[in-house]
Every structure is written in C-alpha cells, then in structure tokens.
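These are my notebook entries on a structure that I am reading for the first time. I set down what I looked up, topic by topic.

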Amino acid sequence: MTAGPDVNELYQEIILDHYREKHHAGLRDPFQSEVHHVNPTCGDELTLRVHLDGDTIDDVSYDALGCSISQASTSVMTDLVIGRTVDESMALFDEFRHMMHGQGRVQPDEDRLEDGIAFAGVAQFPARVKCALLGWSALRDALVRAGAEVPDNESEM
Amino acid sequence: MYDVDAVRRDFPVLERTVGEFPLTYLDSANTSQKPRRVVETMAQHLLLHNANVARAMHLLGSEATEAYEGARAKVAAFVGARRPEEIVFTKNASEALNLAAYTLGSGLRPGDEVVISVMEHHSNIVPWQLACERSGATLRWFDVTDEGRLDLERAEREGLINERTRVVSLTWVSNVVGTVNPIARIAEQAHAVGATMVVDGSQAVPQLPVSVSALGADLVAFTGHKMLGPTGVGVLWGRYDLLAELPPFLGGGEMIEVVRMSGSTFAPPPHRFEAGTPPIAEAVGLGAAIDYLTVLGMDAVAAHEQEITRYALGALRGIEGLRILGPTEAIDRGGAISFVLDGVHPHDIMQLLDARGVAIRGGHHCARPLHERLGVQSSTRASGYLYTTEEEIDRLAEALVFTRDFFAGRMASGSGTARRRAAREEARRLRGAQPTQPDQTRTEVGA
Ligand SMILES: Cc1ncc(COP(=O)(O)O)c(C=O)c1O
C-alpha cells in the first residue's frame, strides 16, 4: 500500500513562516473593493480588500480564518502582487495555478514566484490545492470588482 | 462477550496499511466501512437476480421484487415499525428529510412555526428553511448550552413550542458533539400542541437499539451508508396514517395509481414516495447490513460504542492543548467526538494524521451554525464504530500529540528562511524604486 506524498513537503518552512507571521494581514483603508470567499468543504473564510493606484496594486489587505496552507498562500501572494500591475499579478496567478495543477511535475521559477515555490509540494495533495488558491481567487475577484481589466482565464480553475 | 477482533475480520479494509502505519479509520460518523457480507449480498443480487422491481413480471422480476420488499421488511423489523409499509426508501437521509419538509411544508401557512435546533446537520436545516420560505411559516430553533446539549430551559422560558408550532424536527444524536437528545420528552411537547415530530436518526440508528413506535416520533430519517450499508439508499420511517395523509413528493413511475392527462391519482404509502426505479441492490445491501447488525445485537453494538467513546474521551482529555466540544463524559452521548487543538487548524490536523494512517474529519461537519454557536470556526472529529479498538484510539491520541508538537516546534523555531527573505526584500525594495519596470517581459503561460 502506498504511503502517499510526504507531509514534510507540504509543510515547508517557508509556508509555516508565513503562517506564523502573515504579511500584510488585517483589513486596511482605503480600498476600492472587498470580497468574501469561502471554501465550503472545510469552512475556510477570507475577507480581502484591494486598493489600486491606476494599473498598480497599491494594497491588498485581508482577514482570514483557515488552515496553514490557505493563510500562508495569501500572505505570499500579497508579497508578490503589492506594487505590481494588475497584468503582472494575474500572470503570476497563472504561473502559480499552473504549478498547483501540475501534481508536483511543474518546475516553478523562483525568480518569479519567490516564496510561492514552496507550494509546489501542495500540488501533490489534491484536496489542499483549493486552500492554496483561495487567496488568489479572492484577489482576482476583488480586482474585477474594483474595475480592473482582468484577463478571462477562469476556465483553468 | 463482544469480540471486536472477530468483527474486524469481516471488514477487509481494516487490514490496510498506510506506509508503515496500519490504517486507523475514525471517520465512521461520516460513513461506516462495509462488511464482506453486505458487498457479497449485493454482488449476488446484481449477478444473479437483477431485474426491475414491481413492473417486471418474469422470474427475475419477482425475485428482485421479493428481495427489495424483503429488505423493506427487515428495515421495518429493525426499527420496530408496525408494518413494512411504514418504510419509504430514499437515496439518503437528506432526501428523506427533504421529503418530510416538502410534504409537511405543503400544509404550512404564514403564522405557523417550525422548530429545529442549532445543532442540526445542514440536511435538517436547509429543507425547513426552504419549506418556510415557500409557505411563509417562521423557522425557530432550540439553542444549545455551552456543553452542547439542547437548552431546554431557555426553550421553556421563551415558549419555543407553542400553539403555532406545526413541526418539530430534531436530530436524535448530534453528528458533531455526540449529544443524545431527549426525543421522547420533546415529542410529547410537540404532540401536546398538535405538531408533527420529525427525527433525524442518521447517527442514532447505526448505534442504538431503536423502536420508532416507542420513540414517540412521527417521522424518522436515516441513511444506509452509516450503518454498514451501501451509499445510495436512505430511509424515511413514518406512522402509516400520517404517511397516508401526506401529498406526493417526487412524481413519476411507480408512485401512481391512475395517470390521465387531466390528472393523476397516487399509490398508497410507501410507493407514493418512491418515484422511479428505486435503489434496488442498495436496499438489498442495507438488508444484509441489518442482518449483520442483528446477529451482533444492537445492545452489544451500543455497549461497545459507549465503551470506545468513554475510552476516547479519557484519552483526549489527557492531551494538553486539546479541547473537546460538547459533553466530555460518556453520558447521553454518542460516538462522534469533535475537538479543537490549540494552534493547529483542523485541516492541518487531518493532513498530519492522514500521513500516519489515521482517518478523521476536519471542518464544520455540515453543521456550521453549531460551530458558530460554540465559538469555533471549525473542528476535528473522530468517530468510531463497532469495529473500533482501544488500540486505534491510542494511535489517534499519539498522532494528535505528534501533530501538536510538530506545529508547536516549527512555529516556535527561528526563521530558517530569514536570509532568503532578506535577499528578496532587498530585491523588492529595488523593484519599488523603479515601480513601472517597463522592460519586464511577461512570461506567457498556458491559457
Ligand atoms: C445527523 C446527520 N443528518 C443527516 C446526515 C446526512 O446523511 P446523508 O448525507 O446520507 O444524506 C448526516 C450525515 O452526513 C448526519 O450525520
């Protein structure tokens, strides 16, 4: 019988670092949109706000209840997207999602995904992929509601 | 003497290992494992006796009908129904509760009240919300005490059950905190005001000796897959005279008497409520599960459940940082034990336990309002059944201590990624100095 993938690959130090010390956590003003996303299977909940300055994501703030994977992923995401344009951020989302759906076979680009590469191991735990994508999906939704032009690529979800 | 080792030999899945660990299945409140006899009986039926029921008149048709109606009779005897016609087969408890809510709901008017409780499974909340929305009736509910028991005093004070109450629908045993509710007493109150008493027996029927006639309820819903049977078959027991008064739920084949284009008349219970081809092999499987439970004896099954629950409560109480939700003693308590562990989210507990072969459930267990009431976002639930051993509970406790320490250790340790982060932060600062980065090429990834 198989042992399944190793949990140590799931709980990378980088992930637990972000879980312990969430970057950009808390809800802040000003913001143009606020969304509330849940993961109905486990009940994780996330309220997320964005503030845009032209095309650039000026701030992402959030309040989250959830597991280490969803919390850490949201934290890493804020590091990646704050200060970037909407297009750049959504390109990163594409890369991140591609990695998450790659069952561990996609080699992530550390220069691009930074701490996000730690989630490559999560891709081997299909039940947890949703957790890792919760923050990103909420961000995308918040950007749409804030009036940003967001490429339509939901079909990959 | 209850021989749990002999019982376990009937469940091949319990011999599985997960890596170096034996499988420890503690998610039986979610669904139970199946003994060989159930699977073999279903296979036998499908391989040798398969035909549609009622409408096929040939040899196989009558064998299939006999098997299906035989299963109904077994269920009826098992729960102490007065006659087999009081047993309606559905696809699960959720459908049975929807049937109850839809048909009873058709008689509701604005001003009427339906009473449920905050500890219900979503399956005993949402159908009543829908029925109240459709009819304009008001939905009210029992609160629970901090210990996870129905707050009967408060209900009394607030006149929860009163002359406007038409339906009271409660779970017999909580799927989260394990509480056994005083159904007979509440049924009496319901009947005193002329209300119908509906019971969600999903967690009770698998564990307790049941006599629906003695319970005082009018309708009882339960589900096959939690009592050794297959998925795809559930049951609504109803007092025959009540069933006979209720309008149809789903329309279709087999539930009719005469169909004319101008209108139809309907078959008597139980067929009135069984539109279309029913889950035949599944009902036969449920019949085999009932045979299995009957041979063991429900008194023995209940006693074993109590013993394991008492042992598990003791083991969990001994874990520092762990808090049990609901009653912490095995008194008026079923086998589901939910808890929270300081600093570790249930989803993460589930993952680490899973890696050690221990299968439990993390989340809100389809009872979000109860979690909200108890002030927790989600919880972890361990639930044993007639095959569960003390040794398995020990493995659960061990894995929980391991999990707590795993996270405590890693959460306390200094940041091993500090250096890498400092380098990144520097890079980010530089990026911030030239915020537009006009020369950055976008990598195109698969659309
Ligand atoms: C108390 C209770 N009610 C209802 C249900 C629903 O059962 P099913 O999913 O088989 O419809 C369950 C199980 O999930 C339960 O524990």
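Between which domains of chain B does the second largest pocket lie? I found that domain 1 (4–30 + 297–411) and domain 2 (37–295) of chain B both give residues to its lining, so the pocket lies between them.

**Entry: the model.** I note that this is a predicted model, in which local features need pLDDT of at least 70 and side-chain atom pairs count only at pLDDT 80 or more, while totals for chains, interfaces and linings use all residues. Residues are numbered from 1 along each chain as its sequence is written, chains are lettered from A and ligands numbered from 1 in the order in which they are written, and side-chain values use heavy atoms, with hydrogens and water left out.

**Entry: the domains.** I looked up the division of chain B and found domain 1 (4–30 + 297–411) and domain 2 (37–295); the bounds come from an automatic or database domain assignment. The contact between them (heavy atoms within 4.5 Å) takes 37 residues from domain 1 of chain B and 36 residues from domain 2 of chain B. Their C-alpha centres lie 28 Å apart.

Entry: Rolling a probe the size of a water molecule over the atoms shows where empty space is left. A pocket is an open set of points on a 1 Å grid over the protein atoms alone, where a 1.4 Å probe fits, with protein on both sides within 12 Å along at least five of seven lines; lining residues have an atom within 4 Å of a point. I read a volume of about 270 Å³ for the second largest pocket, volume being the space filled by probe spheres set on points joined across faces, edges and corners. The lining has 22 residues, and the closest to the pocket centre are B:Ser94, B:His121, B:Ser123, B:Ser202 and B:Lys226. Helix H4 (residues 93–105) of chain B gives the most to this lining, with three residues. I counted the lining by class as six nonpolar, twelve polar and four charged residues. Here Ala, Val, Leu, Ile, Met, Phe, Trp, Tyr, Cys and Pro count as nonpolar, Asp, Glu, Lys and Arg as charged, and the others, Gly among them, as polar.

Entry: Helices (H or I, at least four residues) and strands (E, at least two) are DSSP runs numbered from the N terminus, and two strands pair if DSSP finds at least two bridges between them. Strands S8 (residues 196–200) and S9 (residues 219–223) of chain B pair in the parallel sense over three bridges, and B:Val199 has B:Val220 in S9(B) as its bridge partner. For angles, axes are lines fitted to C-alpha atoms, for helices over the stretch in contact, and values run from 0 to 180 degrees between N-to-C directions.

**Entry: the four-stranded sheet.** I found a further open sheet in chain B, antiparallel, in the order S13-S14-S17-S16. The twist averages 30 degrees from one strand to the next. S13(B) and S14 (residues 336–341) of chain B pair over four bridges, and B:Leu325 stands opposite B:Ser338 in S14(B).

**Entry: a hairpin in chain A.** Which two strands of chain A form a hairpin with two residues between them? They are S2(A) and S3(A), and A:Gly54 in the turn has a positive phi of about 65 degrees. S2 (residues 44–53) and S3 (residues 56–65) of chain A pair in the antiparallel sense over nine bridges.

**Entry: backbone exceptions.** Most residues other than glycine have a negative phi, and most peptide bonds are trans. I noted a cis peptide bond from A:Asp29 to A:Pro30, with omega near -10 degrees, and another from B:Pro269 to B:Pro270, with omega near 0 degrees. B:Leu228, in the loop between S9 and S10 of chain B, has a positive phi near 80 degrees.
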